[in-house]
Amino acid sequence: MRLRSVVAAAAAALAIGLAVPPGAAVAADSAPAGAAPAAAAPAGLDARALQAALDKLTAAGAPAALAEVRVGDQRWSGASGVRDVRTKQSARPGDRYRVASVTKSMVATVVMQLAGEGRLKLDDPVAKHLPGVLPYKEPITLRQLLNHTSGIPDYFDDLYATGSLEEHQKNRFRYFAPQSLIKNAVKRPLADPASPDLPYSNTNYALLGLVVEKTTGHSLGTELTRRVFRPAGMRDTSYPTVNPFLSGPHVHGYIKPESGPLFDATDYTPSVWGAAAAVVSTSADVNRFFRALSDGTLLSPAGLAEMRKQDGKYPYYTQGLMAGGDLCPANPGELLWGNRGNGFGYRTMSFSSPDGRRQVSFGWTVSVPGVSGPPAVEKAWQEFLLAALGATCGRG
C-alpha cells in the first residue's frame, strides 16, 4: 500500500479545517442501524453533535467507527455501527482495533528515549547498529529512517504490488521475519535523494525495530510495553507478532473489493506489519499515548522538540509524527501533532494540540485495495476530524 497519499490527505484535511468556523459540527441525516447511544459528556463538549458527526462515517459505509475527544479533563467517547456485520452487535467506545501506522509514533518514542539515554544518536548511520544489513553506498541515518527521507524501498510493495484481495489472501497467515522483509526490499535501488517525493516506507521502521532490539537486548514488544504502554496507562494496548486473532472486545475490520461483498480481514498474522504497524489499541489509549508524549511522561522537553523537528523534504512527517495546521486559533507556527494508520480493514487518525490538552483519536473499519476510499467514507472521516477539532476550540 502506498501510504504517502494518506498522509497528504490528512494534511489537506487539517489545512482545509483552518477555514471552518470554530465549533462547527457535521450533522447526520440519520443514525445508522446498530449505532450505539451517544455517550455522556461533561459540559463544554457537545455530545449530540459529536455523535452525529461520527454516525456520518457508518452512514457512508464503514461498519463501525470509534472515537474519543478530550479537552483537559473533559472527555467524550463515542461509537457507531456494529462490531461484526454478521452478528450486528453494537460497537462500543472501548472496543479494540488495529491502529496500523500509529505504531510508528510509539516505536519512534522508544528510539527517542534511547537517544536521550545516550545509547544511540539519531544521526548514527544504520550500519553502526546493523552492520551489513543495507547494501547501499550512501550512508543512511536513524533520523532518515524515522522521518522517511532514507529513500529505502517499501517492502510492502513487493508483497502487495496491486493491493488486491488475492494478494492479501496469499499472505494472510504467513509469518514474515523483519530481516526477510528488509532483505527483499533492499534488492531494489534507493530513491533519488533529490526527489521531492521520497517514499514513505515501512522498511524504515522494520529497521528501527531491529535497532531497538540490538540496542536493548530485548524484544521490541518488551520495550514498547515497558517504555510506552505502561507509563502512559495504555491498559488495552498490545503489540502482537504472531497471534492472528484479536482478544477482548473488538471491532472487525473489512476490506471493500472493487466488486462483491465486504471481506472480513480481522484475522491475519501481524508480522507483515511488525514495527511499522502492528499495535492493537483503543481510541482512549491512543489519546493516552499522545498525551503522555506531550506532558513529559515519555520524553523530556528536549526529546519531544527533537521528535517534532521538521525536514523540508517531508515537512508534514517528522521523527515518527505527523504535523498539521490547527482548526482553532493557535500561536504563530503552532501545529497539531499525531499520526494516522491504514491497515487491512482498519483506518485510524489521531491529533493533539502541542500541550496534549486538546485531542481527537478515532478509527473506522473499512479499507479498500490501495490507500483511499471508499470516497464517501473519505469525505466522512475528514468531516469528523474537523467537527471534533472544532468542538475542542475554546474548551477546557
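In what order do the 3 strands of the open sheet sit? They run β5-β4-β11, with mixed pairing. This is a predicted model, where local features need pLDDT of at least 70, side-chain atom pairs count only at pLDDT 80 or more, and totals for chains, interfaces and linings use all residues. Residues are numbered from 1 along each chain as its sequence is written, and side-chain values use heavy atoms, with hydrogens and water left out.

**The open sheet**
- β5 (263-264) and β11 (366-367) are the edge strands, each with a single partner, so one side of each has no neighbour in the sheet. Strands here are DSSP runs of E, at least two residues, numbered from the N terminus, and two of them pair if DSSP finds at least two bridges between them.
- β4 (residues 254-255) is joined to β5 by 2 bridges, and the two run antiparallel.
- Across that pairing, Tyr254 faces Asp264 in β5.

**The β1-β2 hairpin**
- β1 (residues 64-71) and β2 are antiparallel, held by 8 bridges, and Ala67 stands opposite Gly78 in β2.
- There are 2 residues between the strands, and Gly72 in the turn has a positive phi of about 60°.
- β2 (residues 74-81) is mostly covered, with 7 of its 8 residues buried (under 20% relative accessible area, 1.4 Å probe, protein chains only).

**Around Asp124**
- Asp124 sits in the loop between α3 (102-116) and α4 (126-129); helices are DSSP runs of H or I, at least four residues.
- Asp124 counts as buried because its relative accessibility is 6%.
- Its side chain reaches the backbone nitrogen of Lys121 at 2.9 Å.
- Leaving aside neighbours within four places in sequence, Asp124 is in contact (heavy atoms within 4.5 Å) with His129, Ile140, Thr141 and Leu142.

Methods:
Buried < 20%, exposed > 50% of the residue type's maximum accessible area, 1.4 Å probe, protein only. Polar contact = N/O pair within 3.5 Å; in protein donor to acceptor, adjacent residues only side chain to side chain.
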